[in-house]
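Open the model in your viewer and show it as a cartoon.

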Amino acid sequence: MATEQFPSVDAAMHALARLLEERAAAARAALWSEATAILAEAQRRVPVDTGDLRDSGAIEEDPATGALRVVFTAGHSLIVHEDLEANHPDGQAKYLESVMVEAESGLAARMAEDIQRNVK
């Protein structure tokens, strides 16, 4: 177990604040890494006709909470995603949902590993 001595309470508080900032930055990087991987795989699974749907994939960040959302913004994205009866020679329905379900398994472990790797 490592120990550290601080000359004052202020010095200890400053060290803790710095540690928290480093961990928070590493957690944000891990979250962005997961969202980027999910988007990339979903774009591989999107049915492609003109490419507009695939190209509309993006990661949106809520400025108030920092939450990330993987979205497809093309007007027909929901119809294509939900139509299980459509014939998709290139791609599949549920192109985003299927990736999200698969990504859920091991998500916490991948993020923890990412955070550990990125903490100084």
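Helices (H or I, at least four residues) and strands (E, at least two) are DSSP runs, numbered from the N terminus.

This is a predicted model, in which local features need pLDDT of at least 70 and side-chain atom pairs count only at pLDDT 80 or more, while totals for chains, interfaces and linings use all residues. Residues are numbered from 1 along each chain as its sequence is written, and side-chain values use heavy atoms, leaving out hydrogens and water.

Now switch to a surface view. The accessible surface is about 8300 Å², and 56% of that belongs to carbon and sulfur atoms; such areas come from the Shrake-Rupley method with a 1.4 Å probe, and for residues only the protein chains shown count as cover. Of the 120 residues, 28% are buried. Buried means under 20% relative accessible area, exposed over 50%, and partly exposed in between (1.4 Å probe, protein chains only).

Next, select helix α1, residues 9-45, and find Leu16 in it. Is Leu16 buried or exposed? Leu16 is exposed, because its relative accessible area is 53%.
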